[in-house]
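Subject: A structure for you to look at

Hi there,

Here is the structure I promised to pass on. Please open it beside this email and look up each part as you read.

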Amino acid sequence: MAILVAHPMKRSPSGLAPIIAIDRKGPEPLHRQIYDAYRTAIVDGSLRPGQRIPSTRVLASELGVSRFPVLNAYAQLLAEGYFTSRIGAGTVVSSSLPDQFSSTAPAGTRVAATRSGPRTVASRCSMLPRLGVSPWLLGWGAFGVGQVAADHFPLHIWSNLVARRSRNMDARAFHYGEGLGSKALRETIAGYLKTARSVHCDAEQIMVVSGSQQALQIAAGVLVDPGNPVWIEEPGYRMAREVFALAGSHLIPVPVDREGLDVAAGIKRARKARVAYITPSHQFPLGHTMSASRRLQLLDWAQSTGSWIIEDDYDSEYRYESLPVAAVQGIDADSRVIYIGTFSKVLFPSLRLGYVVIPSDLVDRFLAFRRVTDISPPGLYQEVLADFIREGHFARHIRRMRVLYHERRSTLVASIQEELGSMVQVLGSEAGMHLTVVLPDGSPDVEIAHRAAQQNLWIWPLSTSYVTDAVRPGFILGFGNTPAAEIPQGVRELRNLLTGK
Ligand SMILES: Cc1ncc(COP(=O)(O)O)c(C=O)c1O
């Protein structure tokens, strides 16, 4: 057989070539083999219009053939319109293909036509919801949850630090990093946590991760066996719930009230839970702060049953009415708390940097688990972030954002009062970048959120945060990325949606 065209592209200095298996003993001449390989790759969409083609010299050397067959093949492909030559740009795949192929599907969209045999995937994977069905998770703009004021980020400072670090990468920085993450960054995080969050830790207990999500994944992997009961807040953070569900744990929804997680209810439902997952500084999504007595009760429970507490402290840097509340980890005398923090709110979520403070005796376990996930976190942005914190930009940015978000939050609360009045109850506006409005029982929050998304209002339906039937409808409204001037209009649109106008 003469020719094989495989799909993965092979990189060359001047452009991309399909993989061409040359058969010197086959009946087809070499130029025909090369021609057929390109033609097939163009027709099946593996090579796209406008894509650069390697020079004849480069391809001949890669294939280990003389230049003549390559020149011949290219000449034919040019003559038939598969290639075009652009002065200064070399040879590229033509954007208008010869007629006989114009009726086929667009390049790159073709998929294998036939499939046979079972295509079974893990059942725990198929239980995960598909992102596409929840438009509010994807939209960018008014009331989007977890969205920061990107236009207020000190990009000039950040980009200077990125440039400085990239220019000065030493040879060691090209290799795998430490499993715990950059020492420089861990030391700055430890300093910050001790001062700002009353967390007890040193740099050797800190693992830099790609956001809280990876911290949760590693913690669940280290701590939870399939079938173990795990307390989750009800309502709670869906992304945490799904991590524990994927780990095969037995989810125990524990109600939250104004004092946070109802520890007594948890004990009643599953005293011997392996883990309790909590958001004590700003409960997600209802926004309550866990009371001191509940914190102590939870720690007592964990100590007496040998359970672990996972404290997700995702947005406590922003508190508007009072000083930030100290972390549960800081009053834990028995090293039962795994403390998770993130830079997603204080900087920006696409950075994918967070950290976990691990009890000393579990550090090796976390490291072993991390090794089989991503080995170590990417190096460059860790060093940039360490510089950003050390040079004072981080503290300054938080101070500025606190003022900005305070204004946005106050405008949102005032607009809700004015437009929605007694129709809703506002919760959790004392901290963070979102608040929650609770609607009368039975309100169709999911349906309204779908309609709101069509008007570019990205409100999250509260009912999706519950696992039991004891659902309260409402919305989670982000204000981080919604300028104060746009908030009143957004709330008016929300009122119209609620009143069916
Ligand atoms: C409860 C909670 N934890 C953590 C996060 C942040 O996750 P990550 O650090 O993976 O971006 C969020 C974001 O909305 C959150 O609501």
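Below is what was found, from the whole chain down to single residues.

First, some ground rules. This is a predicted model, so local features need pLDDT of at least 70 and side-chain atom pairs count only at pLDDT 80 or more, while totals for chains, interfaces and linings use all residues. Residues are numbered from 1 along each chain as its sequence is written, and side-chain values use heavy atoms, with hydrogens and water left out.

**The whole chain**

The protein chain has 15 helices and 16 strands. Here, helices (H or I, at least four residues) and strands (E, at least two) are DSSP runs, numbered from the N terminus. The C-alpha trace spans about 85 × 60 × 50 Å along its principal axes. Of the 501 residues, 50% are buried. Buried means under 20% relative accessible area, exposed over 50%, and partly exposed in between (1.4 Å probe, protein chains only). Among contacts with a separation of 6 or more, 71% link residues 24 or more positions apart; a contact means heavy atoms within 4.5 Å.

**The cores**

In soluble globular proteins, nonpolar side chains tend to be buried together. A nonpolar core is a set of buried Ala, Val, Leu, Ile, Met, Phe, Trp, Tyr and Cys residues joined through side-chain atoms within 4.5 Å. The largest one has 90 residues, and those touching the most other members are Leu193, Trp231, Leu298, Phe343, Tyr405 and Leu477. Helix α13 (residues 393–420) gives this core its largest share, nine residues. What does Tyr405 contact, leaving aside its neighbours within four places in sequence? The partners are Val148, Ala149, Tyr318, Tyr320, Met433, Phe479 and Gly480. There is also a second, separate core of 26 residues, including Leu223, Val224, Val275 and Trp308.

**Pockets and a cavity**

Rolling a probe the size of a water molecule over the atoms shows where empty space is left. On a 1 Å grid over the protein atoms alone, a cavity is a set of points where a 1.4 Å probe fits but cannot get out, and a pocket is an open set with protein on both sides within 12 Å along at least five of seven lines; lining residues have an atom within 4 Å of a point. Grid points are joined across faces, edges and corners, and a volume is the space filled by probe spheres set on the points.

The largest pocket has a volume of about 1,100 Å³. Its lining has 35 residues, with Leu137, Val145, Tyr237, Met239 and Trp460 nearest the centre. By class, 15 are nonpolar, 14 polar and six charged. (Ala, Val, Leu, Ile, Met, Phe, Trp, Tyr, Cys and Pro count as nonpolar, Asp, Glu, Lys and Arg as charged, and the others, Gly among them, as polar.)

The second largest pocket holds about 570 Å³. Among its 21 lining residues, Asp170, Arg172, Ala173, Gly379 and Glu383 lie nearest the centre. Helix α12 gives the most to this lining, with four residues.

The structure holds one cavity of 30 Å³ or more, and the largest cavity has a volume of about 50 Å³. Its lining includes Glu234, Gly236 and Tyr237, and β6 supplies the largest share, three residues.

**Backbone details**

Most residues other than glycine have a negative phi, and most peptide bonds are trans. Which peptide bonds are cis here? One runs from Glu234 to Pro235, with omega near 0 degrees, and Pro235 lies in the loop between β6 and α8. Another joins Phe284 to Pro285, with omega near 10 degrees.

Phe143 has a positive phi, near 70 degrees, and is buried at 1% relative accessible area. Ser335 also has a positive phi, near 50 degrees, but counts as partly exposed at 41%.

Happy exploring!
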